[in-house]
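Hello,

Here is the structure for your files. My notes on it follow below.

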Amino acid sequence: MTQDRGRKGPVEHGFPHLPTVRASITALFRRLSADGILAYDTSFAPADAAFDAGDDLHLGAQRVAAATVRALRLPDARMVVSFREMQQAATVELAAGPEYFVEVNDRFRTHRRDLAAALAHEVTHVLLHRLDLRFPGTVENEILTDTAATYLGAGWLLLDAYREDALTHQRFGYLTPEEFGYVLAKRAALFGEDPATWFTSPQAYEAYVRGRARAERDHRQAPLTAAGGSARRRYAKARRAGAGPAGAGPADGSAYRFEQDASGAGLRVSFPCPVCAQRLRVPVCGRLRARCGLCGTVLDCTT
């Protein structure tokens, strides 16, 4: 089976795929476990992506591919890279391994700064294939691949390949630049990284800042204690509605939901973990600490 990637046309912005991105992060935690995720504590080094005109084409491509394999913790996988004319940026043939054949667009013979980005996506396809982790639809599966590449430390290269000005409109992958920034910020918060210094594209850095702001909002969503005043007021209104006989969710699209406990013990609220997006369900009883059973994050809540 061949998987490919590449997007044409105007650069899409914003967060249109955020539900699938969050589902992808949850799926990674479920498949790898929290300890497995934490094993990816070292991001792809910018020096390993360097591939200039003075390098031998094929030796340089193999070196970058090997660095990508190491970054994604696939030491027993070997990437054989070749170049040909094609519409998409790259493809990989998914087989039993350990040898995988990656074809990349001929333009990377000269546009070498972005080769690592193309390889990051393709090697992530191999990783997900080995993990037997996939989503049913083609687009959803590509979003999963971009999210996994970024969350596991190699996908910042895909964001750095985004450039948009009067002469150039280029992006890789299926996520918008802001969505790449969102996932990268989630990873940065988990590992205490500062990826700001890695970007060579000013537009990529700006998209990261916008994505980081959106990611930080997840940690200020009620019923988390860090929620701001307006969020707390919306939550209190929804809580009163949820206390009715049938229960109710907020009408403003917020992520929390209320329900009456089936045992008659009272009202409960469910909301997504700001780290892994797994839904938590806790009693509505005031101040409490909740531990996410999937990622292990302990959260201060005021329910």
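**Findings**

Three strands form an open sheet in the order β7-β8-β9, with antiparallel pairing; two strands pair if DSSP finds at least two bridges between them. The edge strands, β7 (257-260) and β9 (279-283), each pair on one side only. From one strand to the next, the twist averages 25°. Helices (H or I, at least four residues) and strands (E, at least two) are DSSP runs, numbered from the N terminus.

The model is predicted: local features need pLDDT of at least 70, side-chain atom pairs count only at pLDDT 80 or more, and totals for chains, interfaces and linings use all residues. Residues are numbered from 1 along each chain as its sequence is written, and side-chain values use heavy atoms, with hydrogens and water left out.

Strand β8 (residues 267-272) is joined to β9 by five bridges, and the two run antiparallel. Serine 270 has arginine 281 in β9 as its bridge partner. Helix α9 (residues 229-242) lies across β7 and β8, at about 25° to β7. Axes here are lines fitted to C-alpha atoms, for helices over the stretch in contact (heavy atoms within 4.5 Å); angles run from 0 to 180 degrees between N-to-C directions.

Five bridges also join β10 (residues 287-291) to β11, again antiparallel. Arginine 287 is paired with threonine 302 in β11. The hairpin of β10 and β11 has six residues between the strands, and its glycine 296 takes a positive phi near 85°. Buried means under 20% relative accessible area, exposed over 50%, partly exposed in between (1.4 Å probe, protein chains only).

There are zero disulfides (pairs of cysteine sulfur atoms within 2.5 Å). The sulfur of cysteine 292 is 3.5 Å from the closest cysteine sulfur, in cysteine 276, which is too far for a bond. Cysteine 295 is in no disulfide either, the nearest cysteine sulfur, that of cysteine 273, being 3.6 Å away. Cysteine 292 is buried at a relative accessible area of 0%, and cysteine 295 is buried at 13%.

In α8, the buried residues are Gln203, Ala204, Ala207, Tyr208, Gly211, Arg214, Ala215 and Asp218. They cover an arc of only 135° around the axis, which puts them on the same side of α8; the arc is that of the directions from the helix axis to the C-beta atoms. Their cover includes α1 (18-38), α6 (156-160), β5 (163-164) and α7 (177-191).

Regards
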